[in-house]
Amino acid sequence: MRRASTGLVVAVAGLGLATCVLEPLRGHLSLASVALLFLVPVAAAAMTGGPWPAIGAAVAADALVNFFFVPPYHTLRVASTDNAIVLVVYVLVAAAVAVAMDVVARQRAAVARREVESRLLAQLGAAPAAGDALAGILAQVRDAYGMDAVALVEDSTPVAAVGELPDGAPALSIAAGPGMRLDAWGPALLAEDRQTLGRLAAAAARLRERQHLADEAARARELAEVDRLRTALLDAVSHDLRTPLAGIKAAASSLRQHDVRWSPQDHDDLLETIEDATDRMTALVENLLSLSRLRAGVLSATPEPTALDAVAAGAVLQLPDHARVAVDVPDDLPLAVADPGLLERVVANLVANALAAAPHVRITGEPSGDRVRLLVADDGPGISAADRATMFEPFQRRGDRGHGQGLGLGLAIVRGFTEAMGGTVTASDTPGGGLTMTVELLAVAWDDA
């Protein structure tokens, strides 16, 4: 109906324009020329509206030619037999042109439909199993067939849709697979279009099934990762918490023995054992809580201009073995865009890991273009290239061969905290042997300082 209405509009406009242009020139044009020129709006009506608007345009054109261009003018009488033959032949030729043009238009539309079908089927077959791939295909189906909205429905629930879905029933509903269908709102389609959409609907349903399988595989991988982390956490906690708890228990039990007379030195040593073990447990719990915040995505950083020399000094002073750490961070180093609290935890973890593997650790700082670097270098055995690929993962222990004691959370937290501040952390060899961890952060511009 929409196509026929368009053809009628084209016919009326074309015939009116032809009449207005040619009527003043009828004294200079032959009847054959006028008839040929009036075929143009008839052909246009056939292309846009189909055969019936074109045939109507042919009859109307014949009447206009008779009324305005065949003597006697402004009447429908024909004085000459030759003119009558011309008018009759004109109607037949115009009708034949209309039918031929419609056939050509249908063939072109069929070719276009086959091209659209082939392209969309190829895209559906090659489309990745991503959430937006199906919506993109449905958008192309909507545009190719002039629909207002298209939706893939599974168990009466749209799983993918383009356009605003009306409240009314769809103009077209095609079965796409078990429990699935393709609904479309818009103009009525030809039978061949319905067949094409049926094939596209089946292909869209297969893509949806691939998305289901991909989602299930992703969930399976997530569950496997959660199970791996849970197992690693239980193994690590069972070992690393048992040791300080056993030390606290033994020291406390010793102090409670009334039949033993402890010297002041022994008494202080037992209390020191309890304090050290408690500190270890506190550090373990803090790392576990930090990892939980990172995993949950609730870690919040408040970057501000930060002096790296002050942060490095504060981090080192927290460590019991700070005498083995040399800090050489220039006080005129550009300020870094960082969260001071998080950065101090980063430096403390890096230094603690380094001290567990090497006798000496050195902290230096240097500018690097629009960024600033903080380097924690040790003279230990270093880490192999194979271990560096996993050193930032949780629960990665290196034992006495490298960095990362205890639960193996230190470097995972270092990377998470650094990335939360918009920085990076990388590992490299220390000249002469050992490992250097480099934290790189954005430097404060002079205009922002």
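In the predicted model, helix 3 (residues 39-49) and helix 4 (residues 51-69) pack at an angle of about 165°. Angles over 145 degrees count as roughly antiparallel, and helix 3 and helix 4 are therefore roughly antiparallel to each other. The axes of the two helices lie 7 Å apart, and the crossing of helix 3 past helix 4 is right-handed.

Helix 8 spans residues 242-255, 14 residues in total. The distance from its first C-alpha to its last is 20 Å, close to the 20 Å expected at 1.5 Å a residue. Within helix 8, the residues P244, A251 and S254 are buried. Viewed down the axis of helix 8, the buried residues fall within an arc of 100°, so they line one face of the helix. An α-helix has 3.6 residues a turn, so residues three or four places apart point the same way. The exposed residues R242 and K249 are carried on the face of helix 8 that is turned away from its buried side.

An open sheet is formed by five strands, arranged in the order 6-8-9-11-10 with mixed pairing. Strand 6 (325-328) and strand 10 (424-429) are the edge strands, each pairing on one side only. From one strand to the next, the twist averages 20°. Strand 6 runs parallel to strand 8 (residues 361-368), and the two are joined by four bridges. A326 has R362 of strand 8 as its bridge partner.

Terms used. Residues are numbered from 1 along each chain as its sequence is written. This is a predicted model: local features need pLDDT of at least 70, side-chain atom pairs count only at pLDDT 80 or more; totals for chains, interfaces and linings use all residues. Side-chain values use heavy atoms; hydrogens and water are left out. Two strands pair if DSSP finds at least two bridges between them. Axes are lines fitted to C-alpha atoms, for helices over the stretch in contact, and angles run from 0 to 180 degrees between N-to-C directions. The expected span of a helix is 1.5 Å times one less than its number of residues. Buried means under 20% relative accessible area, exposed over 50%, partly exposed in between (1.4 Å probe, protein chains only). The arc is that of the directions from the helix axis to the C-beta atoms. Angles under 35 degrees count as roughly parallel, over 145 as roughly antiparallel, 65 to 115 as roughly perpendicular and the rest as oblique. A crossing is left-handed if the near helix is turned anticlockwise from the far one by less than a right angle, and right-handed if clockwise.
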